[in-house]
Amino acid sequence: MNLRSIATRTAVTGAITALAAGALVGATSGAANAVEASTDYACSLSSPIQSPLGTFNLVVSTPVIPPTATAGQSFPGGLLALDATLTIPSPTGAALANYKVDHADATDYAVGLGSTSIAAPIAFGAPTVHEDGSATVLGAAANQPFTLPPAGTYKAMLPGAFNMDTTIDMGAGPIPATIACTSDAPGDLGSVQVTKGVSAIAGKVAKTTKGYKLTAVVDRLGDDVVPAGKVVAKLGTKKIDTKTLKNGKAVFALPKSAKGKTAKLIYKGDGYTAGKSTSVKIK
């Protein structure tokens with residue numbers, strides 16, 4: 001059978017991500033309340049020759065993604081496993097076996113969440129050919145490190161493109177081959193509302209030869225994310241200055257006349273962290 005006659009149908013199942021209470025929760029493909037997304041991809045053999053292969057359908061199953069997560073949090077790789085099943089219809093399964101295809105690696109497979117790409121490269125094994133000429137290929141993967149995007153509501157999108165690397169043997173020994181798949185309408189796994197983290201602000205006062213140095217210190221509660229953005233300093237109702245945080249701190253100069261007055265520090269927040277304010281007595 002010529003490679004141009006191959007038209008495969010792909011069904012991939014497994015657990016990709018579950019984000020709950022600002023933490024990553026691993027789960028298996030057998031988790032209850034799983035959700036699925038399906039995308040039709042136009043796939044072609046891109047090397048060693050160029051040849052259209054037809055439409056591949058990709059189905060992804062994950063546990064239900066909780067509706068909220070915290071912006072800017074980072075997670076290490078390997079926290080959760082992905083189980084994949086590649087279903088190849090007849091007679092393509094037999095054809096692949098004839099060409100001695102014994103693996104396929106989707107190294108750039110990833111799910112998008114806003115500006116975040118959650119990579120989970122899938123390594124497929126050898127196909128199991130059935131009597132009717134169809135075949136099943138099992139695969140496995142684990143997530144790579146990722147960081148959640150700024151606050152907003154995002155859909156967990158299947159990739160618009162990915163590649164599968166394999167080898168084929170047409171009689172002269174195995175040679176590398178790549179199948180490229182693209183879609184103009186990738187599916188999604190539902191929406192996640194990414195919320196801003198909670199901030200805390202404190203003011204530290206030190207005397208100087210010209211008056212006082214007021215240092216605003218902004219932290220984010222519950223994690224190691226360093227807040228960015230601007231802080232406004234007021235003395236009474238009068239605005240003193242606006243400074244941009246550097247490593248979570250902003251420094252303001254106050255005159256000697258500030259003694260006995262109350263300064264107010266207002267953190268405006270950023271895309272990842274909510275704003276906060278505090279008052280400081282100048283002694």
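Asn-247 is found in the loop between strand 22 and strand 23 (249-255), where strands are DSSP runs of E, at least two residues long, numbered from the N terminus. This is a predicted model, in which local features need pLDDT of at least 70, side-chain atom pairs count only at pLDDT 80 or more, and totals for chains, interfaces and linings use all residues. Residues are numbered from 1 along each chain as its sequence is written, and side-chain values use heavy atoms, with hydrogens and water left out.

Most residues other than glycine have a negative phi, and most peptide bonds are trans. Asn-247, although not a glycine, has a positive phi of about 55°. At 76% relative accessibility, Asn-247 counts as exposed (over 50% relative accessible area, with buried under 20% and partly exposed in between; 1.4 Å probe, protein chains only). Lys-100 also has a positive phi, near 60°, and is exposed at 54%. A cis peptide bond, with omega about 5°, joins Ser-47 and Pro-48; Pro-48 sits in the loop between strand 3 (35-47) and strand 4 (51-62).

Strand 21 and strand 22 are joined by 6 bridges, and Val-231 has Lys-243 in strand 22 as its bridge partner. In their hairpin, with 2 residues between the strands, Gly-236 takes a positive phi near 70°. Strand 21 (residues 230-235) is also joined to strand 24 (residues 262-267) by 5 bridges, and Lys-234 stands opposite Lys-264 in strand 24.

Terms used: Two strands pair if DSSP finds at least two bridges between them. Helices (H or I, at least four residues) and strands (E, at least two) are DSSP runs, numbered from the N terminus.
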